[in-house]
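Please look through the sequence and the model shown here, and then read on.

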Amino acid sequence: MTTVDMGARASRREWLALAVLCLPTMLTTVDISVLILALPRLATDLGASATQQLWVTDIYGFVIAGFLVLMGVLGDRIGHRNVLLGGAAGFLVASLLAAYSTSIEMLLVSRTLLGISAATVMPSVLALISQLFPNPAQMGAAMGIWGTAVMLGVILGPVVGGLLLDYFWWGSIFLLGVPVMALLLLVGPGLLPASRHPRPGRLDLPSALLSLAALLPVIYGLKEVARAGWDAGAAGTILVGLACGLMFVHRQRYLEQPMLDLALFRNPMVNTIIMLGLAFGFITAGTGLVATLYMQLVVGLSPLKVALWMLIPAAAMIVGGNVGPAIARTVRPAYVLAAGMLLAAVGALIVMQVSVTGGLATLLVGLVVMYVGGSPSATLANAVLMSSAPPEKAGAAGSLSSTGGELGVALGVAILGSVAGAVYGSAVQVPAEVPAPAAVPAGESIVGAVAVAETLPEPVAAQLLDSAREAFTEALHGASLINFVLFLAVALMLAIRLRGLPPTGAGHPGMPSPSEAPPAP
């Protein structure tokens, strides 16, 4: 690609449609984090066991990841507006069911339905944005705004949840979805473009089932690895998913109208952006896990204070996600993304300088630099992806990008968590005075060491905690070293594989330029 078709410029109607599309995007990310605060109260009211509590929190994101590809392809077949509005109706009903659940089983079913409905949002919204903003410069600005909505959802989830729980019952957190989805259903039919595949064909049921049978076991297995470590059950589940994935690929190769056109993966722009999403999801999720554990168990902050401090790198991610597309209007996207990855690598080096005492400021600076550098990979990269994919396959491309990110998150938590655990286990020195049964959990994780220390006399407890904190700080350094190497590798990949992309246009950071902004009413 050496030239860019600038495309028709969007009007006030398209920017208004973008605002409407940002609402369900924000809502689905709010729903990921908002439940955590309500968990103790709903567990008491519904009598949920520890396993049931785990499933209530995990099932939503688990189902979203599994259904993304199916919903993206379905949108390409029957129209993304139709799929999004259908998902909105399902989300509204499931929100009411969740809010007024009378048993933990009813809540689990409701959360599953919420996840299936939410899976319609990301691929449909990305495909619709690519239709609304064919002009590359405007698409970059639109993706920056959309990326801001994603991050605002993550930030606002705990805040809004905390406010609601102060005044209402635990089910009130689910009612957030009712007005948002009702508004989408009201204005969406007249505001969003209706388009569908010119020759939609029928959705191949075996392919649909195989796609679910491939993704769901892999993601579930990775989550189990992150939670409890590797065992035969988790490894077997992942292998089953991979086997189903191979059968899915084999079937697509021989179908006259495949559910997922494998030619998408031969597009260098598409497969590069998918790999980028996988890598950045891996890094951010694993880093977030290790960093928050450091802040709680080494620095000694409460969960609320950790959440408040993490608003700083989250805000940095919003800034970077908007500035990246703006710079790419005059600089080649490959250079913007690669430079961002190099900056993120500097952030990883800063995190490697964190010490046991007084390390909070260094950690936050490192995370800010890392997130500013890496955040264009979500906004600018998706703009590149949706511009490169054929319009009739926009939903599939958007779903692959989102699924890559979800898999990256699961892999990051599992692998970086395991690496941190291994480094911790090799570095910690458990005092000889600790009883043998307690020495095992203390030597496996800092969480176990803190729990064991509470049962020990002061001198021994202090000695154990000092060693555990030193060991976990080394674990943080080990995870950051892996991140540093990955950032450099991804920067090289982007600079080589996307170097043919030209700049997208001209504009101002974070917002459309005056010529791109919607006209006054």
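## Confidence in the model

Among the elements of the chain, helix α6 (residues 136-167) has the lowest mean pLDDT, 74, while helix α13 (residues 333-351) has the highest, 92; pLDDT is the predictor's confidence in each residue, on a scale from 0 to 100, and helices are DSSP runs of H or I with at least four residues, strands being runs of E with at least two, numbered from the N terminus. Over the chain the mean pLDDT is 80, and 89% of the residues reach 70 or more.

This is a predicted model, in which local features need pLDDT of at least 70 and side-chain atom pairs count only at pLDDT 80 or more, whereas totals for chains, interfaces and linings use all residues. Residues are numbered from 1 along each chain as its sequence is written, and side-chain values use heavy atoms, with hydrogens and water left out. Over residues 1-5 pLDDT stays under 50, and the model has ten contacts there beyond four places in sequence, a contact being heavy atoms within 4.5 Å. Residues 506-521 also stay under 50 in pLDDT, with 34 contacts beyond four places in sequence.

## The chain as a whole

The secondary structure comes to 19 helices and zero strands. Of the 521 residues, 54% are buried, where buried means under 20% relative accessible area, exposed over 50%, and partly exposed in between (1.4 Å probe, protein chains only). Of the contacts with a separation of 6 or more, 82% join residues 24 or more positions apart.

A search of the whole structure finds zero disulfides, a disulfide being a pair of cysteine sulfur atoms within 2.5 Å. Cys22 is buried, with a relative accessible area of 8%, and Cys244 is buried as well, at 12%.

## One face of helix α18

In helix α18, which covers residues 446-453, the buried residues include Ile446, Gly448, Ala449, Val452 and Ala453. Seen down the axis of α18, its buried residues fall within an arc of 155 degrees, so they line one face of the helix; the arc is that of the directions from the helix axis to the C-beta atoms.

## Ser101 and its surroundings

Ser101 lies in the loop between α3 (80-99) and α4 (104-118) and is buried, with a relative accessible area of 7%. A polar atom of its side chain lies 2.8 Å from the backbone oxygen of Leu97, and the side chain of Ser101 also reaches the backbone oxygen of Ala98 at 3.2 Å. Leaving aside residues up to four places away in sequence, Ser101 touches Leu46, Met106, Leu107, Ser110 and Trp170.

Methods
Polar contact = N/O pair within 3.5 Å; in protein donor to acceptor, adjacent residues only side chain to side chain.
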